[in-house]
Amino acid sequence: MPESSTTLHLDGLQIETNSMVLLQATDVSIAAGKITVIVGASGVGKSVLLRMIAGLIDKQDSSIHWTGHVRLKTSDSRLSSRESSGKDTLSRSERRLLKGSPNSGGNVGVVFQQFALFDELTPAENIQFAIDHAAGKNTATTEPESLTSLQWLEELGVPALTPVAFLSGGQKQRLAIARTLAANPDVVLYDEPSSGLDAATGRQVASLIAKTHRKFGRTSVIVTHDYETMLGIADEVILFDSQSKSLQRIERQGWQQVPRRITAVTLPTPSKSQGRPAIARRTMARLESFLTQSGNAVLAGVTLPWTLRPNFPSWKWATRFFLHYLKLVGGISASIYLIIAGLIAGFTTTYFTFRFLPFRVYTQPLLIDELLSAIGFALYRVLVPVLATVLIAARCGAAVAADVGVKRYSGSVDAMRTFGIAPRLYLLIPIVAAMVVAVPWLEWLAFESARWISAVTFKVTHPEIGDFFWRQHFDARISESDGLLASEAFRWVMLKNLLCGVGSGVIGYYRGISPKRSASDVSQAITATVLWSTLYVLVVHFMIALLEF
Ligand SMILES: Nc1ncnc2c1ncn2[C@@H]1O[C@H](COP(=O)(O)OP(=O)(O)OP(=O)(O)O)[C@@H](O)[C@H]1O
């Protein structure tokens with residue numbers, strides 16, 4: 001059996017939330033190559049501790065504060081090379097997130113309670129993703145694994161052809177374990193691996209963890225309140241004591257007493273500020289969150305060009321995510337949506353302009369050619385761009401916010417971080433690139449539909465005049481003499497498309513990626529994206545119109 005030589009040290013660790021202390025300054029070492037089970041009552045802070053060890057809680061996090069250090073130490077000289085070989089793809093804020101944590105290069109893998117799998121990828125692709133991002137790592141385990149993704153699936157008994165969404169809870173759990181191990185981390189953290197499973201399945205999961213631990217040899221840490229299931233496979237047990245708020249190592253002879261020593265968490269008495277009327281508290285919290293998010297939005301806008309530098313760890317995966325987002329924002333449903341919008345705009349402008357022309361019998365013969373070129377001009381330069389980009393901002397911005405929000409809520413974004421990958425690389429940049437490609441395409445579809453229906457409408461309402469006349473005048477002020485693509489009009493339209501598309505994608509991304517504690521946070525992110533991105537698009541059109549005309 002290969003054995004990990006990596007010990008995990010928690011030095012002077014103190015963790016508190018805004019309302020209570022979870023852990024008093026604590027020093028603990030977690031033995032290399034062993035299974036350590038951390039048990040504690042529900043709500044004592046086990047998941048927060050695990051997220052902290054995994055480098056997923058920023059020291060500047062507004063709701064959880066921690067001090068102290070988490071260190072990985074190998075018994076040979078390989079640690080230093082591991083630390084310096086961590087893939088440097090993280091943005092400044094993400095590097096700050098991992099500062100003080102050992103997980104800057106994917107050294108600590110996490111099997112998340114909610115599995116945190118990528119639903120849009122197949123089971124094999126989920127594992128390949130981990131393998132590709134573990135490649136080149138100088139491992140501290142004695143035998144680096146070189147299984148292929150299909151071998152991992154076979155090893156853990158996960159069906160290769162079933163989409164991730166259709167796997168059972170137990171199969172997802174096994175896939176999550178396989179994916180974490182495939183990334184070749186030194187330390188594997190398991191977050192409540194038996195939660196939500198019946199007793200028999202919980203025991204199966206425990207023996208699977210023991211089996212993979214024996215076979216692949218990592219330092220394993222299981223955080224659980226299900227001591228009955230997990231004590232059976234433990235080498236070491238640490239109690240997260242809710243009274244003393246400390247981590248206490250329990251010697252083997254004391255394990256039988258663990259159930260008695262797990263005591264329910266005492267909820268904190270409300271502090272003075274919490275004693276304020278609920279409405280005042282909620283209003284203050286909302287105002288604070290609004291100001292923080294507005295500040296973050298301005299900062300994100302200013303640093304965007306730097307954030308978008310494409311230093312991908314793998315172009316293959318960047319392309320894979322780009323294609324996912326291209327389908328999401330520019331696929332069939334979005335295309336049909338924009339075609340319908342174009343048809344409505346083209347029909348209404350053409351039909352109603354002539355239908356409600358004042359003193360029609362006299363004015364139409366005089367104005368008909370001018371009116372047609374004005375309709376063409378207005379549709380091309382203003383109406384279709386405004387309509388299309390507003391609809392795209394709402395439809396595609398919401399799709400982006402929903403996709404990223406669900407990834408955030410389900411833990412997939414955290415999973416990416418534990419592989420040492422900044423989410424901006426495979427989420428933000430592919431989203432922006434997909435918008436840059438999709439928005440001109442969707443706008444073109446909308447305009448061509450408007451143009452076509454305008455011709456049909458004119459032909460039906462003016463059968464005596466005919467096609468040629470319509471074409472001659474509708475296009476008169478669109479393409480000008482230097483050809484459509486080289487024309488100034490085209491450049492203005494493209495500028496509006498790109499500004500609106502990129503902005504809507506960025507708003508959707510940042511709304512989606514902000515912390516999500518419940519499903520309603522995801523729906524709020526979607527609503528806010530629709531609101532802010534449509535408003536942003538209208539402002540862009542207004543500002544550009546001032547320059548353009
Ligand atoms: N992001 C956060 N901001 C503020 N408080 C938090 C946050 N996450 C967790 N808490 C609080 O920290 C405490 C510990 O939560 P945690 O989820 O770690 O408990 P746990 O021991 O894992 O419980 P369980 O076994 O029921 O999952 C809870 O009171 C929780 O409300």
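Biologist: Leaving aside neighbours within four places in sequence, which residues is K496 in contact with?
Modeller: There are R381, H541, I544 and E548, once K496's neighbours within four places are left out. Keep in mind that this is a predicted model.

Biologist: Where does K496 lie?
Modeller: K496 is part of helix α18, which covers residues 488-513.

Biologist: Is K496 buried or exposed?
Modeller: Buried. Its relative accessible area is 4%, and buried means under 20%.

Biologist: And E488, where is its place?
Modeller: E488 also has its place in helix α18. E488 counts as partly exposed, because its relative accessibility is 44% and that class lies between 20% and 50%.

Biologist: How many residues apart are E488 and T180 in sequence, and how far apart in space?
Modeller: They are 308 residues apart in sequence. In space, the distance is 53 Å from C-alpha to C-alpha.

Biologist: New topic: the sheet. What is the order of its six strands?
Modeller: The order is β5-β6-β7-β3-β8-β9. The sheet is open, and its pairing is mixed.

Biologist: Which are the edge strands?
Modeller: β5 (108-111) sits at one edge and β9 (246-250) at the other. Each of these pairs on one side only.

Biologist: How many degrees are neighbouring strands turned against each other?
Modeller: On average 20 degrees, with direction ignored.

Biologist: Back to β5. Which residues point which way from it?
Modeller: V108 and V110 point one way. G109 and V111 point the other way. All of them are buried.

Biologist: How many bridges join β5 to β6?
Modeller: Four, and the two strands run parallel. V111 has Y190 as its bridge partner in β6.

Biologist: In what sense do β3 and β7 pair?
Modeller: Parallel, over five bridges. β3 spans residues 35-40 and β7 spans residues 219-224. For T36, the bridge partner in β7 is V221.

Biologist: What does helix α1 lie across?
Modeller: Helix α1 (residues 46-53) lies across β3, β5, β6 (187-191), β7, β8 (236-241) and β9. It runs at about 155 degrees to β6.

Biologist: Which strands does helix α6 touch?
Modeller: Helix α6 (residues 169-182) packs on the sheet and touches β5 and β6. Its direction makes about 175 degrees with that of β5.

Biologist: Now helix against helix. At what angle do the axes of α5 and α7 cross?
Modeller: Roughly 135 degrees, and the axes come within 12 Å. α5 is residues 149-156 and α7 is residues 199-216.

Biologist: Which residues make the contact?
Modeller: From α5 come W152, E155 and L156. From α7 come L208, K211, T212, K215 and F216.

Biologist: How many of those are nonpolar, polar or charged?
Modeller: Four are nonpolar, one is polar and three are charged.

Biologist: Last topic: confidence. What pLDDT does the protein average?
Modeller: The average is 86, and 87% of the residues score at least 70.

Biologist: Where does pLDDT stay under 50?
Modeller: Residues 77-102 are one such stretch. The model has 70 contacts for that stretch beyond four places in sequence. Over residues 138-144 the pLDDT is below 50 too. That stretch has 26 contacts in the model beyond near neighbours in sequence.

Biologist: What ipTM and pTM does the predictor give the complex?
Modeller: An ipTM of 0.96 and a pTM of 0.86.

Conventions:
Residues numbered from 1 in each chain as written. Predicted model: local features only at pLDDT ≥ 70, side-chain atom pairs only at ≥ 80, totals over all residues. Heavy atoms only, no water. Axes fitted to C-alpha atoms, helices over the stretch in contact; angles between N-to-C directions. Contact = heavy atoms within 4.5 Å. Nonpolar A, V, L, I, M, F, W, Y, C, P; charged D, E, K, R; others polar. Pairing = 2+ DSSP bridges. Buried < 20%, exposed > 50% of the residue type's maximum accessible area, 1.4 Å probe, protein only. pLDDT = per-residue confidence, 0-100.
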